[in-house]
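Q: I am new to this structure and would like a close, careful look at a single part of it. Please take the salt bridges as the subject, and then go on to the pockets.

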Amino acid sequence: MGTFLVTPRMNPALRARVERAVSPKARARHHAATVGLSAPFAKREPFRPAKLLPLLALVLLGGLFAAMVIHERRALEAERGALLNDLAALRAGMPAGHEKLIGETSLALLLAAADAEEPDLVDPTLKEAGALDAALRRPALYVRAPAAELQDTRGIDDAARGSDKDAFLVCLLHPPASTSERDLLVKVRGVYFAGAKVDDETAHVRRLAEARLGLAVFGPEFEASVRAAQDRNMVKRLRKELERAPVERAKKSVGAELLLVVADSRAGARVSLVEIATKKTLLRLRLRAEELALSSLGSSHRDELEACNLAVAARRAVSP
């Protein structure tokens, strides 16, 4: 800073003292030099907008992340709500009493497959002429599986999945003319027992798996899983589970009055017919498959022939 108080002819030391007296910057430079500094302070850099770019980028990324979280949460709530609505609509279309069937069949299965050496039982009402056929025309559920699997409540559904309408069921409802190999072959040869033809002939009898697996999605556990789902992938998985459930077949099963169980073991087969509503056992038989002397053709159908023969034995035990 220039000042009129100094002139070029003044003593340099005097001139410096005067400049320091009137100029703060001059004083600062003097004091900085006294302590050995080259300058009193760093030069102030001019403001550059580019320095704000990293901060702006962070703000932008944070905003995008927040928007994605909000969108994902809203999408999750929408998909979960839609699934709950679909579930409620399907449940509203189910026949009355559907919520009890799984529990009732579980208890009946445990009793039917129990190891206890209980004596055979034939309800007196079944011994009357035509009574067995009349009972077998009532709506029913059917399962045939190893006794050990039916005794485990956790394994019942797996056992039911592996049980189809088989030769035993068909021959119990529609017995062959006799137990000769020829008549047995006429009944079972060329028949796909899990197919539509057999299903048509036994339409009033539904597989236990259809009832239990179809009704499971209406239970409190499934709905609780939907409500607790925390991501859309879980909701999608539960929706697929709902769509795969045999709901329409389960509707046909809800009206079942009887449960027909064949529990296989090394000792033979335990055949039980239980009235679901009253839990009354109408039939309990221990049967052993008869060894059949079969031709080469019959041997190729041995399982079906023995199952059919076992069904005839069950009928004879009721109505000799």
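What is the relative accessibility of D164, and how does D164 count by that value?

A: In this predicted model, D164 has a relative accessibility of 36% and therefore counts as partly exposed, since that class lies between the limits of 20% for buried and 50% for exposed. The side chain of D164 forms a salt bridge with R207, and the closest N and O atoms of the two are 3.4 Å apart. This pair links distant parts of the chain, for R207 belongs to strand β3 (residues 205-207), while D164 sits in the loop between α7 (156-161) and α8 (167-173), 43 residues apart.

The model has 25 salt bridges by the rule used here, and another of them joins the side chains of E257 and R138, with N to O at 2.8 Å. Here too distant parts of the chain are linked, with E257 in the loop between α14 (247-253) and β4 (258-265) and R138 in the loop between α5 (131-136) and β2 (140-146), 119 residues apart. E257 is partly exposed, with a relative accessible area of 33%, and R138, at 24%, is also partly exposed.

The salt bridge between K251 and E248, 3.4 Å from N to O, lies within one helix: because the two residues are three apart in α14, about one helical turn separates them. K251 is partly exposed at 25% relative accessibility, while E248 is exposed, with a relative accessible area of 52%. Elsewhere, salt bridges with shared partners join K165, D199, R206, E210 and R249 into one network.

The largest pocket holds about 260 Å³ of space, and its lining has nine charged residues beside six nonpolar and one polar. Among the 16 lining residues, R144, A289, D303, E306 and A307 lie nearest the centre, and helix α16 gives the most to this lining, with five residues.

The second largest pocket has about 220 Å³ of space, and its lining divides into five nonpolar, two polar and five charged residues. Helices α11 (208-216), α12 (220-228) and α13 (232-244) each supply at least two residues of this second lining, which includes D157, R212, E221, R237 and E241.

Technical notes:
Residues numbered from 1 in each chain as written. Predicted model: local features only at pLDDT ≥ 70, side-chain atom pairs only at ≥ 80, totals over all residues. Heavy atoms only, no water. Salt bridge = Lys/Arg side-chain N within 4 Å of Asp/Glu carboxyl O. Helix = DSSP H or I, 4+ residues; strand = E, 2+ residues; numbered from the N terminus. Buried < 20%, exposed > 50% of the residue type's maximum accessible area, 1.4 Å probe, protein only. 1 Å grid on protein atoms, 1.4 Å probe; cavity = no way out; pocket = protein on both sides within 12 Å on 5 of 7 lines; lining within 4 Å. Points joined across faces, edges and corners; volume = space filled by probe spheres on them. Nonpolar A, V, L, I, M, F, W, Y, C, P; charged D, E, K, R; others polar.
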